[in-house]
Amino acid sequence: MELRINMNYLISYDISHSPARSRVLKVLRQYSEHYQKSVFECDLPRNDIENLIKKLEIFIEKTDGLLVMPLHAGASNWQLGNAVNIRKTSSNTSSLLVI
């Protein structure tokens, strides 16, 4: 039996071509919380994040960018400004929000 431990990931993209950007947005909304235009947070097991990256890479051109960064439990996250409200995701961590 495979142990499936979830991990939080921050996903951000910079895609210049509108149709590709729309497709990436549609896929990411199925897996994650959408914070700002191109910033998402998701809570997935390693296999699922790898599958998500495979789904997204077909839309990424050489001039585009896609960042998938693991967020470690217990790490401090901050928000400056009022664009998004801080939410608790568990008893000891806050969601990472864009500054």
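## Salt bridge and sheet in a predicted model

A search of the whole structure finds 1 salt bridge, defined as a side-chain nitrogen of Lys or Arg within 4 Å of a carboxyl oxygen of Asp or Glu. The model is predicted: local features need pLDDT of at least 70, side-chain atom pairs count only at pLDDT 80 or more, and totals for chains, interfaces and linings use all residues. Residues are numbered from 1 along each chain as its sequence is written, and side-chain values use heavy atoms, with hydrogens and water left out.

The salt bridge links Glu50 to Arg46, with the closest N and O atoms 2.7 Å apart. Because the two residues lie 4 residues apart in helix H2, Glu50 and Arg46 are separated by about one helical turn. Their accessibility is tabulated here; buried means under 20% relative accessible area, exposed over 50%, partly exposed in between (1.4 Å probe, protein chains only).

| Residue | Relative accessible area | Class |
|---|---|---|
| Glu50 | 32% | partly exposed |
| Arg46 | 55% | exposed |

Helices (H or I, at least four residues) and strands (E, at least two) are DSSP runs, numbered from the N terminus. An open sheet is formed by 4 strands in the order S2-S3-S1-S4, with antiparallel pairing; two strands pair if DSSP finds at least two bridges between them. Strand S2 (33-36) and strand S4 (65-71) are the edge strands, each pairing on one side only. On average, neighbouring strands of this sheet are turned by 25° against each other, direction ignored; axes are lines fitted to C-alpha atoms, for helices over the stretch in contact, and angles run from 0 to 180 degrees between N-to-C directions.

S2 and strand S3 (residues 39-45) run antiparallel and are joined by 3 bridges. Phe40 in S3 is the bridge partner of His34. Helix H2 (residues 46-57) packs on the sheet and touches strand S1 (6-14), S3 and S4, contact meaning heavy atoms within 4.5 Å. The direction of H2 makes about 135° with that of S3.
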